[in-house]
Amino acid sequence: MIRRVYMDYTAGMPVDQRVIEAMLPYFSQNYGNPSSIHSWGNEARKALEEARARVAALVGAKKSEEVLFTSGGTESNNLAIKGVAYRNKDKGNHIVTTTIEHMSVMNACKHLTKQGFNVTYVPVDKHGVVEVPSLEKAITDKTILVSVMYANGEIGTIQPIKEIGEIVHKRKAFLHVDAVAAVGHMPITVEEENIDLLSISSNDMYGPKGVGALYVKTGTRIEPIIHGGGQERGLRSGTENLPAVVGMGKAAEIAKAEMKVEGQRLVRLRDKFIKGVLQTIPSSYLNGHPTQRLPNNINVRFSYIEGESLILSLDMLGIACSSGSACTSKTLEPSHVLLAIGLKHEEAHGSLLFTLGKQNNEEDVDYVLSALPDVVKRLRAISPLTPKELTQ
């Protein structure tokens, strides 16, 4: 039988069994509405607030009420960016972000430009690190928000958020951080790192899909983008998805307790994988920062072949990976992140993203490292672009 190895954890993670067990009672036993004032509602509200406190503890928030539950990272990003823009337009109409943000940030900013806001996109260096002097220069007296992701889910690069936050606050603007790829995998402390708004996704830390959170620091003014009954402090109306919220809270509790040891384990597997690829496959390269990267992220590129062909060939061998963000996988255009770090179109097309998770072990890494060289060599042999010396 073909060994099955899943290395696409950025696209989707399995729900931790402990999370599933925590969620189950809230489907059929504790089914009250948290907004109701009777005992069923009180029980539901208690579970909601316990989950909120666990998420707040994971990111170092001082108050649990600074956490709002949403439908996921995309909504959190939209609420943060549009919410700050709409509420603070009397102070300015300028937003600063970077060229490697998730599409939910990019498209939210694009939407705001149609409504009279100006957006500046700050470049990154060849490793994907934000050019801090350029970011500082981009901030003006009209700047109300700076949005920089904590770590990039495609190339794994981690940003100097604390330093950026100091600059942003000195200029009296708000700092939003998309931390979907980082929360639950590395320690984040919003107070110490000068973060005003932080986007979080449940499924990116082994919780259920379809639920997320936005940390909003006390004193940060935002306007809701969903209007209704006034749940979540009036900033995100709609009956809370209690089973999913409870699951997210449990996932946050587990991540806080286990991410240090799990992170160290993943770094060892990650580094072995990267070293194995670069040493055994000629004309292969690492995308992203060599050390300042997420513990589970491996983004490599291979000259003269396309990532899609590699994905399909590896899938036939039972190996799952991707060519970038799952949110942009339906387009044939190369990743905007890879282009932003200076890669040519053909280099970006030849990139593969492997992301490791709890179910991966050293045998999985060995299996992929044994399969990958032959796949690359076979695809290069049928490519008219491949130099003769690489087809021998």
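Strand S8 is largely enclosed by the rest of the structure, because five of its five residues are buried. The model described here is a predicted one.

Strands of a sheet pair through backbone hydrogen bonds, and the pairing may be parallel or antiparallel. S8 runs antiparallel to S2, to which four bridges join it, and Leu-68 stands opposite Leu-214 of S8. S8 also runs antiparallel to S7, here with five bridges; the bridge partner of Leu-198 in S8 is Tyr-215. Strand S6 (residues 174-178) and strand S7 (residues 197-201), in contrast, pair in the parallel sense over three bridges. In that pair, Val-177 has Leu-198 of S7 as its bridge partner.

| Strand pair | Sense | Bridges | Bridge partners |
|---|---|---|---|
| S7 and S8 | antiparallel | five | Leu-198 and Tyr-215 |
| S6 and S7 | parallel | three | Val-177 and Leu-198 |
| S10 and S12 | antiparallel | five | Arg-301 and Ser-351 |

## A residue in the loop between S6 and S7

Asn-194 lies in the loop between S6 and S7. Its relative accessible area is 16%, and the residue therefore counts as buried, the cut-off being under 20%. Apart from neighbours within four places in sequence, Asn-194 is in contact with Lys-162, Gly-165, Glu-166, His-169 and Leu-175.

## The three-stranded sheet

A further open sheet has three strands in the order S9-S10-S12, and its pairing is antiparallel. Strand S9 (284-286) and strand S12 (351-355) are the edge strands, each pairing on one side only. From one strand to the next, the twist averages 25°. Strand S10 (residues 297-302) is joined to S12 by five bridges in the antiparallel sense, and Arg-301 has Ser-351 in S12 as its bridge partner. Helix H8 packs on this sheet, where it touches S9, S10 and S12. The direction of H8 makes about 10° with that of S10.

## Helices H8 and H12

Helix H8 (residues 242-280) also packs with helix H12 (residues 362-381), at an angle of about 15° and with the axes 10 Å apart. The two helices are therefore roughly parallel to each other, a description that applies to angles under 35 degrees. Their crossing is right-handed. H8 contributes Leu-269, Lys-272, Phe-273, Gly-276, Val-277 and Thr-280 to the contact, while H12 contributes Glu-362, Val-365, Asp-366, Val-368, Leu-369, Leu-372 and Pro-373. By class, this contact has eight nonpolar, two polar and three charged residues.

Note on methods. Residues numbered from 1 in each chain as written. Predicted model: local features only at pLDDT ≥ 70, side-chain atom pairs only at ≥ 80, totals over all residues. Heavy atoms only, no water. Axes fitted to C-alpha atoms, helices over the stretch in contact; angles between N-to-C directions. Parallel < 35°, antiparallel > 145°, perpendicular 65-115°, else oblique. Left-handed = near helix turned anticlockwise from the far one by under 90°. Contact = heavy atoms within 4.5 Å. Nonpolar A, V, L, I, M, F, W, Y, C, P; charged D, E, K, R; others polar. Pairing = 2+ DSSP bridges. Buried < 20%, exposed > 50% of the residue type's maximum accessible area, 1.4 Å probe, protein only.
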